[in-house]
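I opened my notebook to record what I looked up in this structure, one topic at a time.

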Amino acid sequence: YLMLKQTLKKLKYFWEEFRNKPLRLDYNPKILMCRESQRPIRRHLPCHKEPETCKWIDDYVKPGEVFFDVGACAGGYSFIAELKGAKVYAFEPAPHLIKKNIEMNHSAIRLAEEAVSNEPGKKLDDFASNLDVLPDHIKIDVDGAELAVVQGAENCIKSTKPMMIEISENKEQVLSLMEKHMTLKSVYKREAPNTSNYLFVR
């Protein structure tokens, strides 16, 4: 019994060591992510399922530009933009993972622990005004709330160069609003039903 107890204690120790050891992002090994950042079902790290979003950031984002990551989740795309030299603002109402990853990477990402919508005080334009900054690039991934985000982001959309939006609901309304200001360049189908990423440019 004593040997079993000691073995279980060792196994628990090694499990804790394994669980707390950071992972490196496949797209850029310089970026560390806590193990909880893995997808709970397919065990993918953030960015694994959207290489085109990573490429968009690499191709478009320049040092000194401002990058808004709306629906940042664990922060994978925020960190890629930061490594490109951008000043990154991440918006995430469930910030547990990204806060861990910001600390792990000694990152200067500015985190707003808020959900963005079309309500007064919650609009992206309101956040931008309070921060006294306008974005050069915006990424939006908000699981069906994209129409409300776009409705509250007119000034930000006018200032941005390219935007990547994941659209899963209210597609026609979102596209109609976006095409008043920008041109749709590319569409990337996602694994989820009726969901695609839309790249808009000037």
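**Entry 1: Ser-78 and its partner**

I began with one side chain, that of Ser-78, and found that it makes a polar contact with the side chain of Asp-69 at 2.7 Å. I note here that I am reading a predicted model, and that every value below is computed from it.

I then asked where Ser-78 lies, and I found it in helix 3, which spans residues 76-83. Is Ser-78 buried or exposed? Its relative accessible area is 0%, and because buried means under 20%, I wrote it down as buried. When I set aside the residues up to four places away in sequence, I found Ser-78 touching Asp-69, Ala-72, Val-88, Ala-90 and Ile-109.

Next I traced the strands, and I counted seven of them in an open sheet with the order 5-4-3-6-7-9-8 and mixed pairing. At the edges I found strand 5 (110-112) and strand 8 (183-189), each of which pairs on one side only. I also looked up how neighbouring strands of this sheet are turned against each other, and the average is 15 degrees when direction is ignored.

**Entry 2: Strand 6 and its two neighbours**

I stayed with strand 6 (residues 137-140), which pairs with strand 7 (residues 163-167) in the parallel sense over three bridges. Along this pairing I saw Ile-138 opposite Met-163 of strand 7, and Lys-139 opposite Met-164 of strand 7. Strand 6 also pairs with strand 3 in the parallel sense, over four bridges, and there I noted Ile-140 in strand 6 as the bridge partner of Val-70.

Which residues of strand 6 are buried on each side? I found His-137 and Lys-139 buried on one side and Ile-138 and Ile-140 buried on the other, so that both faces of strand 6 are covered.

**Entry 3: Helix 5, side by side**

In helix 5 (residues 124-131) I listed the buried residues as Leu-124, Asp-125, Phe-127 and Ala-128. Why are they on the same side of helix 5? They cover an arc of only 160 degrees around the axis, and therefore they lie on the same side. I reminded myself that an α-helix has 3.6 residues a turn, so residues three or four places apart point the same way. On the other side of helix 5, I found Ser-129 and Asn-130 exposed. I then looked up what the buried residues of helix 5 pack against, and these are strand 3 (66-70), strand 4 (87-91), strand 6 and helix 7 (154-159).

**Entry 4: Helix 8 on the sheet**

Helix 8 (residues 171-178) packs on the sheet, where I found it touching strand 7 and strand 9 (196-201). The direction of helix 8 makes about 165 degrees with that of strand 7. Within helix 8 I picked out Leu-175, which is buried with a relative accessible area of 9%. Apart from its neighbours within four places in sequence, Leu-175 is in contact with Ile-167, Tyr-198 and Phe-200. I noted that Leu-175 and Phe-200 are 25 residues apart in sequence, while their C-alpha atoms are 9.8 Å apart in space.

**Entry 5: Positive phi values**

Last, I looked at backbone angles, keeping in mind that most residues other than glycine have a negative phi. Asp-132, which follows helix 5, has a positive phi near 55 degrees. Asp-143 has a positive phi near 50 degrees, and I found this residue in the loop between strand 6 and helix 6 (146-151), exposed with a relative accessible area of 67%. For Asn-194 the phi is positive and near 55 degrees; Asn-194 lies in the loop between strand 8 and strand 9 and is exposed, with a relative accessible area of 67%.

Note on methods
Residues are numbered from 1 along each chain as its sequence is written. This is a predicted model: local features need pLDDT of at least 70, side-chain atom pairs count only at pLDDT 80 or more; totals for chains, interfaces and linings use all residues. Side-chain values use heavy atoms; hydrogens and water are left out. Two strands pair if DSSP finds at least two bridges between them. Axes are lines fitted to C-alpha atoms, for helices over the stretch in contact, and angles run from 0 to 180 degrees between N-to-C directions. Contact means heavy atoms within 4.5 Å. Buried means under 20% relative accessible area, exposed over 50%, partly exposed in between (1.4 Å probe, protein chains only). A polar contact is a pair of N or O atoms within 3.5 Å; within protein, one must be able to donate a hydrogen and the other to accept it, and residues adjacent in sequence count only if both atoms are side-chain atoms. The arc is that of the directions from the helix axis to the C-beta atoms.
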